[in-house]
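Hello,

Here is the structure I said I would pass on. Please open it first, then read my notes below.

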Amino acid sequence: VYTNVGIEEVSNVISRVHLYPNPVLAPAFHIEITSTEKGILQLEILDMAGKKLLSQAASLQLGHNLMNVNVDLARGAYLYRLTFNGTVFKNGKLIRH
């Protein structure tokens, strides 16, 4: 059962999330995040069947943060999930050209 408990708490902490470039043209992309608290950011990349292809963590500091992600994905569509201190706060689609 999925609920939104905790998402509002994270949205008060994470004020900006920008994943770029999307579509991804090289084996690297970046995630910019602005946070009002220190914590752990977890990125997961999944294929369209839900199989986890990548899990990468980074420590967030107060203010602006940049996470560089290097992953060699085949061309296609993928899903990504971001969690902050164990709470999922963003899901999206990532395209690899």
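Start with the overall size. A compact globule of 97 residues would have a radius of gyration near 13 Å, and the protein chain has 13 Å, so the two agree. Keep in mind that this is a predicted model. Along the principal axes, the C-alpha atoms of the protein chain fill a box of roughly 35 × 35 × 15 Å.

Next, the fold. The protein chain holds 1 helix and 7 strands. Reading from the N terminus, the order is α-β-β-β-β-β-β-β. Take the contacts between residues at least 6 apart in sequence: 54% of them join residues at least 24 apart.

Now burial and surface. Of the 97 residues, 33% count as buried. The protein chain exposes about 5700 Å². Carbon and sulfur atoms supply 52% of that area.

On charge, there are 9 positive and 7 negative side chains in the protein chain. The centres of the two sets lie 8 Å apart.

Where does Gly-50 sit? It is in the loop between strand S3 (39-46) and strand S4 (52-60).

Best wishes

How values were computed:
Residues are numbered from 1 along each chain as its sequence is written. This is a predicted model: local features need pLDDT of at least 70, side-chain atom pairs count only at pLDDT 80 or more; totals for chains, interfaces and linings use all residues. Side-chain values use heavy atoms; hydrogens and water are left out. Helices (H or I, at least four residues) and strands (E, at least two) are DSSP runs, numbered from the N terminus. The radius of gyration is taken over C-alpha atoms; the globule rule is 2.2 Å times the number of residues to the power 0.38. Buried means under 20% relative accessible area, exposed over 50%, partly exposed in between (1.4 Å probe, protein chains only). Contact means heavy atoms within 4.5 Å. Accessible areas come from the Shrake-Rupley method with a 1.4 Å probe; for residues, only the protein chains shown count as cover. Lys and Arg count as positive and Asp and Glu as negative; His and the chain ends are not counted. The place of a charge is taken as NZ of Lys, CZ of Arg, CG of Asp or CD of Glu.
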